[in-house]
Amino acid sequence: MKKNNIAPKKKTQSMINIRSILALLLILLLIGTAISPVFSETVTPNRDFSYESKLQARGLLADNDAVDEGEKAPETTPENTTDNAAQNTDDVSESTDVRAATYKDYAEFMLDYVNENYYKDVDQQKLIDGIYKGIFETLDKHSVYFTPEEYSEFNTDINGEFSGIGAVITNGENYVEVVSPIKETPAYEAGLLPGDRIATVNDADAKGWTTEKAISVIRGPAGTPVKIGILRNNSDEILYFDIVRAVITVKSVNYEMKKDNIGYIEITQFGDKTNAEFDEAIQYMIDNNVKKLVLDVRNNPGGYLDSAIHISDYFVEKGKEIVKVVYKDTTNQLYRAEKLKLDMDVVVLVNEGSASASEILSGTIQQNGTGIIVGDDTYGKGTVQNIVPLTNGGSIKLTIAEYLVPNDYHVDQNGIHPDVVVHGVTPDQRKLYSNFVPMNEKAPKYRGEISLNVYGAQQRLKFLDYEIDVDGKFGPKTEQVIKAFQASVGLRSTGVLNLETVSSLNQQAESMLRGEFDPQLNKAIELLKAK
């Protein structure tokens, strides 16, 4: 149809341009309309636009490119709905464009369209949350929209107190996995181990659950029971644990004295109370005349930037650089040490679970040459996020900057590489542990024998980082290693594989799996003793 002397070819080209513009602006419109309802500060000008004028004002439709009055969208009747849609997709597209033009924006249109046409009932709030989350999923993995429930959990974690079982968990393949049970909590006392996969919670199948879903079900009022089904190692058999929830208070800083007056401070996260707790720990070390100190930030996911700066300040010469925060369009911020450096030799323990603020602390010490880094390569998160609470009870966490440690070293996607590499328990070692043969034979084993107990002992000794062949043959080398092991755990060094030694091997292997037998910490102490 012709109208206003516009040739069909030009009109077709015009319609194509309209659709292109609409498609290009869709993401921008989603951003604008998704955020505006949740900020109380957002103000809409008091002007009376028609829907079409509003679309033009927002850039959805160019002037003079509104829906042509001389063309009507095809009517939908019970007779032509399915067949005509299948036969003429251009008609369907034009009908959708026309209908969308009556809405304030595409987000509103999509919500209504899904509600009216999806073949199942839908939860309106889930759709809205999906829009909000989709905005941040297009950015980076550290930018996120929190629903009110997720934000509450986030605050609970950073504040360090909650009611649950006391297990740190993470997303795994098919199942949520236990990173580690927190010491002296119900999960720890029940016997949960790092690497355990949570298969069921209260007999509900947990396959495919996110950490958020698992946390919401596992946590509950103190004193109430929860039944956890675990898949351990490579076994398909589910192990069940009946655990009573308790109030879990997680101190972000733990400290103690090791032998030879070596101090030890563990930082589990950089939260609200970390600065005060660390100051207390340092004062304890000073009062006890500690000159050699281990800082442990393994499996520390990070936290507040100001806390990382506060703690780093103890271990960097006054006036030296701690960290530089690089923004997109504003002046970069450079933070320098303001206090006198502590007169202590320092070793920092790190692993693949050390991220963000942990990498600022370890990277600053490494680049300034004021300590030794021991362990495994760190995670590699070198960005800064800002938390913005919303009026709906949720929040947004947005990446706003990158940080560089001294010498302009980029931590992001690189991590901190230890000065001394000492591996902790790896996923491969956990799999190896799952294949250990049981040591059920009651009779002692001597040099020259071949048995399953000998084979099992060799497996465990190798797991504990002894140099030994695993072949089931009790030769001179095996006897020598068993003597060394017996001496290390306080047993009589006979070289005989007796029941006491078998029991101790089992305990030590499980302790290493749980993080209690610690070759990385042992290396740190060894290095400090040598100074």
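Gln413 counts as exposed in this predicted model, at 71% relative accessibility (exposed means over 50% relative accessible area, buried under 20% and partly exposed in between, with a 1.4 Å probe and protein chains only). The residue is found in the loop between β19 and β20 (420-421), where strands are DSSP runs of E with at least two residues, numbered from the N terminus. The phi of Gln413 is near 65°, a positive value in a residue other than glycine. For context, most residues other than glycine have a negative phi.

Asp408 also deserves a look. Its phi is near 55°, again positive in a residue other than glycine. Asp408 sits in the loop between β18 (395-405) and β19 (409-410), and with a relative accessible area of 40% Asp408 is partly exposed.

Turning to the aromatic rings, the count comes to 13 aromatic pairs, where rings of Phe, Tyr and Trp (its six-membered ring) pair if their centres lie within 6.5 Å. Planes under 30 degrees apart count as stacked, over 60 as edge-to-face and the rest as tilted. Ring pairs join Tyr106, Phe109 and Tyr113 into a cluster.

Charges over rings complete the picture; the criterion is that NZ of Lys or CZ of Arg is within 6 Å of the ring centre and within 35 degrees of the ring normal. Arg219 lies over the face of Phe162, at 4.0 Å from the ring centre, and Lys339 lies over the face of Tyr314, at 4.4 Å from the ring centre.

Residues are numbered from 1 along each chain as its sequence is written, and side-chain values use heavy atoms, with hydrogens and water left out. As the model is predicted, local features need pLDDT of at least 70 and side-chain atom pairs count only at pLDDT 80 or more, while totals for chains, interfaces and linings use all residues.

Conventions: Helix = DSSP H or I, 4+ residues; strand = E, 2+ residues; numbered from the N terminus.
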